[in-house]
Every structure is written in C-alpha cells, then in structure tokens.
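Here's a quick tour for anyone meeting this structure for the first time. Have a look at it, then read on.

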Amino acid sequence: MYADDTTIVSQEEYLHLVAELMTIRKRGEVPLAYIRTYGCQQNVADSERIKGMLHQAGFCFTDTPDDADFILFNTCAVREHAEDRVFGNVGALKNLKRRHPGILIALCGCMMEQEHVADRIRDSFPFVSLVFGTHCLHEFPALLYRALVDGSRVFVRDNDDRLVHEGIPALRDGRVKGWLPIMYGCDNFCTYCIVPYVRGRERSRKPSVILAEAREMIAMGYKDITLLGQNVNSYGKGLPDRPTFSSLIRQIDAIDGDYWLRFMTSHPKDCTRELIDTIADSRHISLHLHLPFQSGSDRILRLMNRRYTRDKYLDIVNYAKARIPRVSLTSDVIVGFPGETEEDFEDTLSLIREVGFTSLFTFIYSKRRGTPAAKMDDPVTDEEKGARFRRLLEVQEEIAAVRCASMVGTTERVLVEEPSRTAGVLCGRTSGNIIVEFTGSPELIGTFRDVHITSARNWILKGELIEKEG
C-alpha cells in the first residue's frame, strides 16, 4: 500500500533539473506558474501539492495566465458543466500560446483519467503539452521535465499502482483554513458517480503521518482543518490493525491548540454511532455533519447503489440530534435521477422537511459516460427536472430561514475568515459552518471571536462583535 522513499528522492532530482531549465525558459525575473483548480476540496489539496513541487523548482505564482511560463488546469469530472468549462477555458489559451510559444500548458485531475477526454485533448488542443491523471501526481516533476526538455507532448494516465506516495511537499493556499487528505479513492461505485473510475480504489494514509501533518498545521496557526476523503468513514482499509476513522479523529482531537476539526465526505452507510459519540465528546471537532442522502426514496437509493435506506439515514440523523443538540446538518441531493417519479421526488422533499437541514448542495442529475446510470432509461424531461429542482430550493430556503432566525439573540463563537464584499464588514463561520457577517477590523482575520447574532437572512447571519474586556 505504501511506496518506498526512493520515488520521492528521484522526483526531487527532477525538480532540480526543472529549476535549471527554467533559468533559460522564464520570461521574467523568476519563472511564474498559473494553477486553476476545478471541483472538490481533494482537487484543491492536490493543487497545493503541485504548487509545493513547483515552489521547490523555483517557481513563483501568478493570478493571471497571461504572465505565466507554466499553466495548469486541475480538472473535475463529477458534472458535465465542469467539463464544459474546462474545454472552453483551455480553448481560450490558444492565442496566448501563439503569442508566447515558450509557455507550457498542462491539464491534470479527474477528467484526464477518462480516455475519451484525454483523446479529445490530444486531437483538438495541440497546444497542450502535458496531460496526467490523478494517479500520477507523485510523478509530476519527471513528467514536467520530459515536456520541457524535448518539446514532445506527454500523456500519462490510468497507471494506478494502488500505493500511497508520501513526502510530496505542499504549498497551502490559505493561512486560516487548511485541507488534510487522510485517504484516496472510493470503493462504493454509486451508479451515477465517476469518482471510483478516476480516483481508483481506497487507500488510507498511516495515522502517524496524518497526525504529524495535523500537528504541523496546528503549529503553523491553522484554525480550521478539514480531513479529506471520498468516504472518510471507511478510513483504515488496508492498513495494519485496521484503525477506524473514529479512532483517528480522537487522536487528532487530543492535540492541544485552538482550532476546529472538520471532515468530508461521510457516507451514510458507514456512519456509525461511535462516530457521533466521538464528535459529541470531543474538544475540537466542529458541530457540523455533512451526510449526503442524495434521495429520500428507497427505490431510487437502490438504483443509485447507495446501500442504505431512508430509515437507516434518519436513524443516524436522529441519534446525532440527540447526542449533539446544536449539530448543524448539511447534505447533497440529486434531482432527476433516471426514472425518478413524482412520488420518489416527494419522498425527497419529505425527508428534507423531517431532518431540517441547515443547507443543501443540490444538483440536477448529470449523465457521466462510463457509469451504470448513464445506460438507464430516463423518461423525465429536462423541464420537469428543472421544475422539481426549483421546488426543492424553495422548500430548503424556507427551512434555512427558520433555522437561522432561531439563532437570533444567541452568542456564537466565530472563526473570522476574510473581509466581506461590504467595506468594514468581516465574514466568518460558526462551528456549525454557518456564515456570519459583522463589522470589525481586518486584524481579526484568523482569530476566534464571540459575535452576538442580531438578524438572519436565509443561510447568513448578521451580528455584532462582542469586544473582549481589557
């Protein structure tokens, strides 16, 4: 399950070679890289590791592709809209490449693990020099060197060695919130989802490595750390002694410091009462549980291969509410899965009303080539799916408004994250992941502050900072 250290040593040598090449190829005083990330937090974490390797090779970073010597898009394959955006934005680089032929353009991530996508890039975008999939991240320095040294197009994908490659440096995007991968891949094969095909089988990182990285992040001052995995609840598979996710987060929670610990994504079929108890008894784990239910209909859940029922989902949710009275519940929902009837959709609406979610991430079903659902009969029109989607949003907005209104008059501990779009106003989040806006000085960013909630607007709270005495 674990690669040996020689792999990373070899890649470090390639980084030195890349640094030497870039002293000649750079357009400015230092080589500049532009990295654009699409999709989930795991992609963000992958991009941070790519940036870490580029930083070791002497690169600095720019927010515009026009100034860059190296351009990379880290892609997402979960929905068709995300793929269309990638193709459009890559196409827009054609003229930039014509003006500056020395620019190297690269694509990586989940889209590139799909053969038909890689073939389209090869045939339709000849100015793209480097394409690599999710399983090749640890090989990035060698691939970049190959593309630079001889000018040939480098395409590498589908080489899943089912190993965990450690020792890759990370250059993190923020200083307040941080991402910490604990495992990779997915074994669930939900019929609508492309992730197992592009991310591979589940591999867990060793607890000792995760704990070391968590301690480092806490020492660096990170206040909000999110543990990442396609299904964090199945953490430990393939490791000696089969550590559980609950045991892992208890160990992290025991680390002293002033921080919140979050995690995603949590699959309902593996979400246990032990996990809920761990959250309830913790010092640092946030009072927020993101538990995607996708559909409230048992028939649709079977077609999705979710391997839990509506009753099982409600059982774990009700236990969470009992053990963690202030728990904030969020979820993912798919509207218009192939064959969804009006009765199935009403089951989804009734579950939403019964649970009372803080917020929902809602999506109209997107057909993914290569998944079983893509071959299912789908008689419901796009117009009907759109109408159902709007009805669902209306129901959830009413629930969110009532829930947020119930918090008016309370005092909430808030992590101050960034300035709001309104001058003089700051934006932060509660432990339950609810946005709070209040007037304050930018010096407060990155600190915890008590805020008295004065009003609510759907899923956003307004408040007043409680000044510390002395």
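Which residue takes a positive phi in the hairpin of S18 and S19? It's Asn 458, with a phi near 50°, in a hairpin that has 2 residues between its strands. A heads-up before the rest: this is a predicted model, where local features need pLDDT of at least 70, side-chain atom pairs count only at pLDDT 80 or more, and totals for chains, interfaces and linings use all residues. Residues are numbered from 1 along each chain as its sequence is written, and side-chain values use heavy atoms, with hydrogens and water left out.

**The strands**

- Strands (E, at least two residues) and helices (H or I, at least four) are DSSP runs, numbered from the N terminus.
- S18 (residues 448–457) pairs with S19 (residues 460–465) in the antiparallel sense over 6 bridges; pairing takes at least two DSSP bridges.
- Arg 457 has Ile 460 in S19 as its bridge partner.
- S18 also pairs with S15 (residues 411–419), again antiparallel, over 5 bridges.
- Across from Arg 449 in S18 you'll find Val 414.

**Helix H8**

- Just after H8, Gly 221 takes a positive phi of about 100°.
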